[in-house]
Amino acid sequence: MSIRPLRAFWLAALLLAALAAPASAQTLSAKAARDLAVLATAYPGLVTAIEVDAAGRTTVVLNDGTRLPYDDGRAKSPEELLDHPDIKDMLAEPYALGPVTAEPAQGFSPGRRRVEPLFLALYGHDKQQVTANCRPVSFLGQTMAFNTRFGAAEAFARVSARLGQMTTADSSLRRHLLPASGGVVWRVIAGTRRLSVHAFAAAVDVSPKGNPYWRNLPRGTNMLATRQAFPVAIVAAFEAEGFIWGGKWSEFDLMHFEYRPELILLARLARGENLPLADIRGLVKAVR
């Protein structure tokens, strides 16, 4: 065999080997790798495969067979980001832990962008499935159903225990918390076609009459003083167990806490905590 055909043979062999080789986490961008590792850490077993094609497009496969783009590549208006977010969009706005120090920028509401098929895979595809996945949880003397999947009910019970100790020491905190409403409330968010997190029994509203909601006040209302008047210790108790607070949204919802451990995990990483993340390398696959 001459040198030229031999060289061509080895080049072809190397190309075939590259095509056959499984992808590694390095195939993903650094942001995608971090985001998907955070998602896999927050919800163990939710992500069953991460497919990366030759153009670098990433598809996330969930445990119910749902296939979602990590980044669909589309430019979106603020409303489209709420109505049709991809996973990258959902995780793009950083949730800030701790006290509120400034009024959020208009439209900045980390957690309001939700990939609905992902929540269906997490908690149930209809009211019947969600209800079957729930168990009663005591909350400061009330009892409400909360979703057991991916640790949500256990986290809510831990929040209740924390708040129970706090309200025993300071009974004035109870007016910010009770009555509370939750359970399976299969409905869309007012003014939208998007399912509420309450539909999945993964959220709670505390003292709805005492804590304002943005649709009930003039748009652009400066809520900083009201946000800061809400007890920081209550917010901290929820955040410690993986819940975010709607009081930190531009479209404020001061009564609302929802279970979003992925956003809390991202927030803890952002402030420099050294936290172990799930190893997703075995989930990444090259596809043609």
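Student: Which residues form one aromatic cluster?

Tutor: This is a predicted model, in which local features need pLDDT of at least 70, side-chain atom pairs count only at pLDDT 80 or more, and totals for chains, interfaces and linings use all residues. Residues are numbered from 1 along each chain as its sequence is written, and side-chain values use heavy atoms, with hydrogens and water left out. Rings of Phe, Tyr and Trp (its six-membered ring) pair if their centres lie within 6.5 Å, and planes under 30 degrees apart count as stacked, over 60 as edge-to-face and the rest as tilted. The one cluster is formed by Phe-139, Phe-146, Phe-156, Phe-230, Phe-238, Phe-243, Trp-245, Phe-257 and Tyr-259.

Student: How many aromatic pairs does the structure hold, and what is the geometry of Tyr-123 and Phe-200?

Tutor: The structure holds 15 aromatic pairs. The ring centres of Tyr-123 and Phe-200 are 6.2 Å apart and their planes stand at 40°, so this pair is tilted.

Student: Where in the chain do Tyr-123 and Phe-200 lie, and how many residues apart are they?

Tutor: Helices (H or I, at least four residues) and strands (E, at least two) are DSSP runs numbered from the N terminus. Tyr-123 belongs to helix H5 (residues 116–123), whereas Phe-200 sits in the loop between strand S6 (180–181) and strand S7 (203–206), so that the pair links distant parts of the chain, 77 residues apart.

Student: Are Phe-230 and Phe-257 buried or exposed?

Tutor: Buried means under 20% relative accessible area, exposed over 50%, and partly exposed in between (1.4 Å probe, protein chains only). Phe-230 has a relative accessible area of 3%, while Phe-257 has a relative accessibility of 0%. Phe-230 is therefore buried, and Phe-257 likewise counts as buried.

Student: What is the strand order of the open sheet of 4 strands?

Tutor: Two strands pair if DSSP finds at least two bridges between them. The pairing in this open sheet is mixed, and the order of its 4 strands is S3-S2-S1-S10.

Student: Which strands stand at the edges, each with a single partner strand?

Tutor: An edge strand here has a single partner strand, so one side of it is left without a neighbour in the sheet. The edges are strand S3 (67–69) and strand S10 (284–286).

Student: What is the bridge partner of Val-60 in S3?

Tutor: Strand S2 (residues 58–62) and S3 pair in the antiparallel sense over 3 bridges. The bridge partner of Val-60 in S3 is Leu-68.
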